[in-house]
Amino acid sequence: MNRIAEKYGLHRPMEILAPAGDGEALRAAVFAGANAVYLGLKQFSARRTAGNFDEQQLKEAVAFCHARNVRVHAAVNTTAFSGELGPMAQTIASAAAAGVDVLIVQDLAAAALARQIAPTLALHSSTQLTAHTLSGVRQLADMGFKRAILARELSLAEIAAIAKDSPIEVETFVHGALCMSVSGQCYMSAFLGGRSGNRGECAGPCRLPFAADGSGAAHLSLKDLCAVGSLPALADAGVASVKIEGRLRGPEYVAAAVNACRKSLAGEPFDRQLLQDVFSRSGFTNGYIEGRIDGTMFGVRTAEDTAASKAAMPAIRELYRREAQRVPVAFTVTVTENGCTLAAADGAGRRAEVPLAGVMEPARADQRPAIEKALAKTGGTPFYSESVEFEGEPGYLPASAWNDARRTALEQLLALRSAPKARACAPARLPAPRRHALGAKELWARFEGPEQLPQPLPGGLAGIILPLLRWREVPEALRAKTVLEAPRVMFGGMEAATAKALAEARDAGFAGVMVHNVGHLPLAKGWKLYGGFGLNVANILSALCWKDLGLTALTVSPETPLAEMEAVEPGVPTWAIVYGHMPLMITRACPLQNVTDCAHCDKHGLLTDRKRRQFPVRCGGGVRQIYNPVPLYMGDKLKKLPADAGIAWFTLESPAEAARVLDALQKGAAWQGEFTRGLYFKTPGIPGAGKEEA
C-alpha cells in the first residue's frame, strides 16, 4: 500500500463523509482528505440556510470531487407538499444530470421521483426517516435503498447488531450537532414558530432556555457529538460510512473534523482539544454510542467557546491549504529516436501524454532514479506517483524539463478527470391532480391507555387507538373497533417487545395496527395497517407510496396546511389530527436528568421556557415525550377539513377532560380557552406564521 494512501486512511473501507454547505467548505473537505461529501441544492434541503448549490455550482462541485476520487451525495431530504412535486422533480433531475453519486431522501415521494428520473442513482435514506432498528433497515432494503443513515441515538452495540445482519450499508453520525429529538419526529419549531424542521426551516427553539428547576438552564440543548475516537470500533462493527454534521459551519470546522476522523481511522492520535476549540457547546458528548445517557450530555455555546474558536482558526486553515494526494497515477517515460514523451494514466482509462522539451543528451549514469524523484514531486495536486515505467533508455535532461512535463501531464489528466459524466434522465410522472372533499365524516380517538377512556365511552366514535404494548388491558368488547398503536420509536429491547406483542395479539380481535416508521412494516405483516403522523405524509405521491406498502388508511402530517392537505386523495381514507397537546419531541436523552435521577423520578415533569410556558414531559418505553402546553383544536372547523376522519389525540387529559373534548368535537363547538390551529391555516411554502381564517 502506498505510504500516501496509508497516510490518508484509504486502506480502510470506511467512508468519511463530510458536510459541504458551500463551495469553500466543499474544497476544505476534499483537501483535508474526505472520501465523500454531502451537499444541498437550493430547494428541498434540510439545511435551507446553508449556502447550498445552484445547478451550475453543483456541476462544478461534482466535477471537482470526481476528479479527486471523492463521491458526492446530494441531500433532497425534506418533506414536500403536493404543489411542490414538480419543483422537487426538477431538483432531482438537476442533481442526477450533474452526476451526483447518491440522493439522500426523507420523503418517499422524492425516492419515487428519483426512480422515475434516474433509476441508476443510488438512494440513501435520510436519518429523518427514523431508521433505528434492524427491521427498519431491512424494510428500506426491500424498498430499494442502498444505505440507511441510522438515528443518532443508537449505542455501539445497537449499531453493531443492525450492521451485522443488515442487507444494505449503514451510516452513522460521528461528529457535530445533536438534536434533542429523534430526527424526523420533532415538531417543536413548527408548532412554536410555524417553521418546520421536516421542511428545512428549523428555528432551533430547543437551544433556548428551558428550565426544569427554575434555574434558567438549557435542558433541551445537547452538547455536540464527538465519536471520532470510536471510528475503529465502528469500522469493526461493519459501519460503511461515518458522517460529520455541519452544513451550516465553515471550512475550518469541516477540515478539522475530517482530519481528526482520518487520523482516528488510521489508528493515530488526533487533537481533540483543537477539534473542541473550532466548535463546541462547552465540550462534547459521546453518550449515545457509549450507552451513557445522562445529564453530562447537555451544554450550551458560551463566550469562552467562541473565543477559543477565533484563536484556533489560523492553525486549522493549514489543514486544507494544500491538496490531499489521493489519486494514484502511473507514469510512463518513452524514449525513441524521435524524442521523449511522458504519459500519465489514472488506471481508469484516462491518459495524458506530453513531449519533453529539449534535446536529450547521452548520460554518464543511470538517469532513472533522478527522473523518478522528479516525477514524485506531485505536491499541490490530487495525484501521487504510484509507478514509473521506462520504455527505452533515457538520456540526460535537466530537472526543469521533467518538472514542466510532469506539471503539464497532470494538468491534462486532471482536466480529463473533471469532464462531466452525462447521466440520462427520464421525465417524471406526477400523479394526476385530485381534490379531497371537505368535511370529516368520522371521528376517532387515541388514548395513552385504557385508564384514560371516558366511562361510558361516548357514542359516535368510528374507532379508538390504544397502545400496542398494553393490548391485554383492552376490554374484549372494544377490540373490534380498536387500532393498536405501535411505539413511535423502538430503542433497546422495544423492537423485540413490539414484535412479540404483535404476534400475541394477532388473533385477539383487534381492528389493526397504527405504524409510525418503516421498521413497523415487517413486524406487522398480516395486520391491517394504519399510518400514523410519524410517517410525515404531506403530499399525494408520498401517500400513494405508503398505500402501495400496505397502508389502508393514513394520517396526514399535522404540519400540512389544509390547502395542501386537500390534494392528498390516495384512494384510501385519510385522517387528520383535530385535537391534542401535540408531542413536540420524542427523545432518548432525558431533560429531567439535570434535576433528578431516574430512581427518584415519577416519570412526570415540566419544562418552563423563557415566556414561562410550561411544557409537560412524560417518560415511558425508554423515551421521553415533550408536549405542547397549548392544545391543537379544529372542532369548529371540521367542515373545512379535507380528510375522511379527524383524530382526537389524547395524551395528558383525564377521562373527564377527554369526554368534554369529544363532546365539543361532536358538536362542532368553539374551544374555550387558549388553543392553536397549528400549521393548518399557514400559507404553503412561506416560512413563518401563516394567517388563520376567522
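Modeller: A residue is called buried under 20% relative accessible area, exposed over 50%, and partly exposed in between. The model is a predicted one. With a relative accessibility of 46%, E290 therefore counts as partly exposed. Its salt-bridge partner is R292, and the closest N and O atoms of the two are 2.5 Å apart. R292 is also partly exposed, because its relative accessibility is 34%. Elsewhere, salt bridges with shared partners connect E15, R71, R147, E169, E171 and K243 into one network.

In total, the structure holds 27 salt bridges. Side chains of opposite charge can pair when their charged atoms come close. D224 has 0% relative accessibility and so counts as buried. R249, at 16%, counts as buried too.

Another salt bridge joins E252 to R317, with 3.0 Å between the closest N and O atoms. Here, too, distant parts of the chain are linked: E252 is in helix α10 and R317 in helix α13 (residues 303–317), 65 residues apart. E252 is buried, because its relative accessible area is 11%. R317 has a relative accessibility of 38%, so R317 counts as partly exposed.

Technical notes:
Residues numbered from 1 in each chain as written. Predicted model: local features only at pLDDT ≥ 70, side-chain atom pairs only at ≥ 80, totals over all residues. Heavy atoms only, no water. Salt bridge = Lys/Arg side-chain N within 4 Å of Asp/Glu carboxyl O. Buried < 20%, exposed > 50% of the residue type's maximum accessible area, 1.4 Å probe, protein only. Helix = DSSP H or I, 4+ residues; strand = E, 2+ residues; numbered from the N terminus.
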